[in-house]
Amino acid sequence: MNLRRLPLTREIGLGVLVYLYVPVVVLIVYSFNANRTATVWTEFSLDWYRKILANPSIREATWNSLVLAAAAGIGSTLLALAAALGTKTRFRGRGLVEAVLNAPLILPEVVVAVATLMLFVAIGVELGMAAMIPAHIAFCIPFAFLPIKARLDGMNPSLEEAAQDLYANRLITFRRVTLPLLWPGILAGFTLAFVTSLDDFLTSFFLSGPGSTTLPVYIFSAIRAGITPEINAISTIMLIVSVALVVTSFLFGRMRR
Amino acid sequence: MSGTAPLRRAGLVGPALVTVLVLVGVPLCIMVWVSLLGRGTTIGVDWQSVPSLANYARLIWEEDFDGTLLFNPTYLSILWRSVWQAAATTAICVLVGLPVALWMASLPRGLRNVVILLVTIPFWTNLLVRNYAWLIILREDGAVSWAVNALWPFGPVQLLYNDTAILIGLVYSFLPFMILPLYAVFEKFDWRLLEAAYDLGANRWRALRRVIIPLAMPGIIAGSMLVFIPSLGSFVTAALLGGGKSMMMGNLIQMQFGQSRNWPFGAAISVVLLALMMLVLMGIALWKKRAEQST
């Protein structure tokens with residue numbers, strides 16, 4: 001008898017994996033169905049993909065999402081990199097600083113989104129990209145911060161010390177030693193921030209203006225208007241892009257130099 | 001060098017800290033202020049109105065034509081639904097997550113990493129899309145609906161747009177948040193303790209209750225926090241699977257900023273949501289303290 005294996009745990013475990021993946025698989029399968037009534041399978045077809053590629057509002061929403069995710073990813077990674085370097089050594093209040101930086105992880109997104117909406121309306125920021133980019137940067141900071149921080153904590157401090165012993169100044173030490181060692185963490189952080197922004201629905205829902213709809217906001221309003229196979233096709237593309245990016249980020253995180 | 005270090009540190013940490021404070025901290029303060037104001041005519045708030053607690057009172061009472069206050073359970077029932085949905089989601093996630101995490105810890109290393117990845121991936125995929133997938137499955141002309149209605153003898157069953165559909169969606173959305181911290185505990189678990197329990201004549205049920213669950217407590221606590229908090233503040237699940245009838249607090253807040261255009265009331269509900277969340281966090285901290293003392 002294997003003592004570690006308790007009865008039923010394997011059955012429940014496999015059942016949960018099925019539960020986690022079946023709905024997504026059903027969604028993907030239906031996106032390749034030729035029939036419009038999403039319940040009856042007729043034959044394999046790429047029609048819905050052709051349709052969404054030809055749809056100008058989907059193309060525009062995709063472009064907006066990519067621009068937003070790139071801006072939020074770059075902005076939050078730069079801020080998080082600086083913050084991670086600044087919190088490397090112990091100081092009074094470091095715990096509080098890190099708690100503030102990670103606060104967007106725990107605060108309910110709907111609350112932060114409507115609060116930001118009120119701020120922007122109060123100070124006269126026009127809704128749209130100009131409102132979404134700063135808001136996305138703010139909530140992406142912890143996603144970029146945590147992997148960079150983890151990499152930095154795992155770094156051997158004697159390498160930097162050795163560089164300084166060899167008369168490298170602070171800038172050269174950073175460029176030639178710290179940055180190359182930190183690079184996998186930075187890439188992992190950027191990718192996670194990018195995915196988080198790309199997948200975000202709520203914040204964009206409240207802050208997008210006319211003409212700046214993102215893909216998740218487009219999907220939500222399309223679902224509200226009625227379920228169509230086109231939604232299955234866009235959703236499938238979104239799923240595949242996120243999974244590909246997250247796997248990339250894991251590979252970055254494991255990279256060794 | 002030591003004199004310039006704090007300055008350099010401030011220069012490095014400052015930009016990120018200011019960004020979060022200005023874009024998250026300041027808005028939350030504005031929100032508390034707006035929750036005390038009256039609703040406006042052009043935009044959702046009248047900045048000049050006299051502060052009062054009227055928006056909070058509206059959650060409980062409504063004013064009659066002649067000004068008498070009548071008890072109004074509409075909003076309280078939505079608050080209550082949010083709390084019990086989040087609690088039920090957490091309980092189901094513990095019951096299901098515990099055996100799954102135990103199973104994962106018993107797997108050989110290679111297979112275990114694959115399963116960890118499989119449990120982690122949903123965490124990073126689009127929440128909206130994952131809830132939409134359930135909409136397809138549970139809809140009236142879907143296969144599941146057809147099967148349930150074929151087997152259920154007492155008239156047609158509506159699977160969508162009710163509390164059960166929301167619960168299914170919430171568990172689906174947040175189950176990985178429970179499995180992963182529990183697995184982190186069992187990964188470091190000393191299995192000899194379990195052997196000792198069996199040697200001392202404990203049956204499996206007793207070993208589970210007296211050995212496994214007490215040792216899994218840190219994971220259960222961490223997981224409960226990670227599941228309860230986002231469930232309480234969720235929006236997408238009830239918006240898609242609850243229809244218009246079954247609302248949660250997040251949907252009520254959105255409504256005030258959408259159709260109803262009553263920002264102060266929406267702000268007041270948001271403040272209540274934050275306060276509930278703080279209460280839960282404090283409760284969990286207490287629970288954690290007690291669990292640490294008892295072991």
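Trainee: In this predicted model, at what angle do the axes of helix α2 and helix α11 of chain A cross?

Mentor: Good place to start! Helix α2 covers residues 47–54 of chain A and helix α11 covers residues 229–254 of chain A. Their axes come within 9 Å, and the crossing angle is roughly 80°.

Trainee: How is the orientation of α2(A) to α11(A) described?

Mentor: Angles of 65 to 115 degrees count as roughly perpendicular. The axes cross at roughly 80°, so α2(A) and α11(A) are roughly perpendicular.

Trainee: How many nonpolar residues does the contact of α2(A) with α11(A) have?

Mentor: From α2(A) come A:W48, A:Y49, A:K51 and A:I52. The α11(A) side gives A:P229, A:E230, A:A233, A:I234, A:T236 and A:I237. By class, one residue is polar, two are charged, and the nonpolar ones number seven.

Trainee: Moving to chain B, how many residues of domain 2 are in contact with domain 1?

Mentor: Chain B is divided into domain 1 (5–71) and domain 2 (75–294). Their centres, taken over C-alpha atoms, are 30 Å apart. Domain 1 of chain B brings 17 residues to the contact, and domain 2 of chain B brings 16.

Notes. Residues are numbered from 1 along each chain as its sequence is written. Chains are lettered from A and ligands numbered from 1 in the order in which they are written. This is a predicted model: local features need pLDDT of at least 70, side-chain atom pairs count only at pLDDT 80 or more; totals for chains, interfaces and linings use all residues. Side-chain values use heavy atoms; hydrogens and water are left out. Axes are lines fitted to C-alpha atoms, for helices over the stretch in contact, and angles run from 0 to 180 degrees between N-to-C directions. Helices (H or I, at least four residues) and strands (E, at least two) are DSSP runs, numbered from the N terminus. Angles under 35 degrees count as roughly parallel, over 145 as roughly antiparallel, 65 to 115 as roughly perpendicular and the rest as oblique. Contact means heavy atoms within 4.5 Å. Ala, Val, Leu, Ile, Met, Phe, Trp, Tyr, Cys and Pro count as nonpolar, Asp, Glu, Lys and Arg as charged, and the others, Gly among them, as polar. Domain bounds come from an automatic or database domain assignment.
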